[in-house]
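User: Please show me how to read the packing in this model. I would like the general idea, then the case.

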Amino acid sequence: MQTRHRVPTIFNLSMVDVLCCALGCVILLWLLNLKEAKEKSAQAGTTSAQLTAAETELQSARARLAELQNQAAALGSQLDEAMRHAADTTRRLGAAEEDRNQSRKDLANLRAAKADADERLAKKSQEATDVEKRLVAASQRVATLELLVREKETSATAMVKRAADLTEQLTDADARVKKLQGQADRVPDLEKDLKSYRDKLTTEEASAKNRMDDLADARKAAARLERDLDVTSKELTDSRRIVETLQGENKSLEKEATRYRFAVENRFAGIELTGRRVVFLVDMSGSMELVDENTPAPSKWQGVRDTVAKLMRSLPGLEKYQIIIFSEKASFLLGSDQQWLNYDPKTSADRAVQALAAIRPHGGTNMYTALDAAFRFRPVGLDAVYLLSDGLPNLGEGITAEQARTLKETEQGEILGKHIRQMLKNTWNRPLADWPRVRINAVGFFYESPDVGAFLWALARENEGSFVGMSKP
């Protein structure tokens, strides 16, 4: 009797068909999920490599499945291995699903970042528009100030002409004085003549009464001579008084004309030069010797020193002053912390230039500590600050350690600049009943970024001052 080989009841072809159908459904679902994952990965652009690997594995699984279907009758013992492969594929599908979810999250984050960037770009565009408007207004103000300077020059010319006229009048008065002095020299002769007439009158009265008519004429002549003498003396006194008055007016006009001429010759373009008690803030950071990061500027620091001297000499009412230099810290150039220095027109500017020449610019820009030191003089009469710098602040209070570590230098400078402006508005230069507001004028040197000019311009405008930019040599 021939032995028939029966398939064990625990594993038959019907079960293989069921398993194949189930596996086909799993594969179909997996394909659908794979298609959806591909569509999402095409948008996110981050999981294409993983999907390619998964597709390769899917093709391999299909090949293995076809081989299993062809050899199912003879290779039933390998079904468990196929099931394990299917379970492994399912796990991989789960991993792919997790990757797809992560891709969705990354895509959402990217969209949020893009929206935030669009918003910041719109804000920057608006700020740029505002800066352009402010620059147009500043140009108009510069034109107005130039017209005012021309008017001052015309006034100074008129003063000089008036001084020349008064000098000519003084010369005429001197001639009159000399003439009157000549008449005064005749007074002794007139007195001698008067005495002679009187002696003659006495002699004639004693010797002959018949000469009474001649005596009367002599008396009349003597009276006229006495009147002429009195008139001449009064004219001489009046002339001397007029000469003294004209000499005083001439000296006053010469001083005023000299002051106007000096102010016109030493004016600083675009800045209204005011202040009796003034603090000069001089940036001595490393960039004050550079055009940019890689280009030295040998004449830049020299220009800063010359500008400080010119400002000092051009301020018509300057009485007290201080010079604060700053980089990473602030210090007093000429010593005397918290004490005013008396301004001497002959020596103060040269002394400041010599002290600045002995310094080598270095370090960063901590503008906060410089302004904080300057406004400690407000209780003792500070009325003007002149700030000389070439960049945005990059050190000081107003920024966190996280921002300092992660943000770009321009972004840090924008945050620090806003903090300084808020401190000026709310603390340092806030309106007070006893202390007037301090005027801040700014001078920018060789600045490349429009953000720098906008910051210095806004700083001056918000504190009733002016801003002027110094171009490259």
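This is a predicted model: local features need pLDDT of at least 70, side-chain atom pairs count only at pLDDT 80 or more; totals for chains, interfaces and linings use all residues.

Analyst: Residues are numbered from 1 along each chain as its sequence is written, and side-chain values use heavy atoms, without hydrogens and water.

User: Which residues have the most contacts inside the largest nonpolar core?

Analyst: In soluble globular proteins, nonpolar side chains tend to be buried together. A nonpolar core is a set of buried Ala, Val, Leu, Ile, Met, Phe, Trp, Tyr and Cys residues joined through side-chain atoms within 4.5 Å. Buried means under 20% relative accessible area (1.4 Å probe, protein chains only). Here the largest core holds 33 residues, and Val 279, Leu 281, Leu 371, Ile 420, Leu 424 and Trp 428 have the most contacts inside it. Its largest share, seven residues, comes from α11. Helices are DSSP runs of H or I, at least four residues; strands are runs of E, at least two.

User: What covers the buried residues of α10?

Analyst: The cover includes α8, α9, β8 and α11. Among the buried residues of α10 are Leu 416, Ile 420 and Leu 424.

User: How is an aromatic pair described?

Analyst: By the distance of the centres and the angle of the planes. Ring centres must lie within 6.5 Å; planes under 30 degrees apart count as stacked. The whole structure has six such pairs. Phe 280 and Tyr 386 are stacked, at 5.7 Å and 25 degrees. They link strands β1 and β7, 106 residues apart.

Technical notes
Buried means under 20% relative accessible area, exposed over 50%, partly exposed in between (1.4 Å probe, protein chains only). Contact means heavy atoms within 4.5 Å. Rings of Phe, Tyr and Trp (its six-membered ring) pair if their centres lie within 6.5 Å; planes under 30 degrees apart count as stacked, over 60 as edge-to-face and the rest as tilted.
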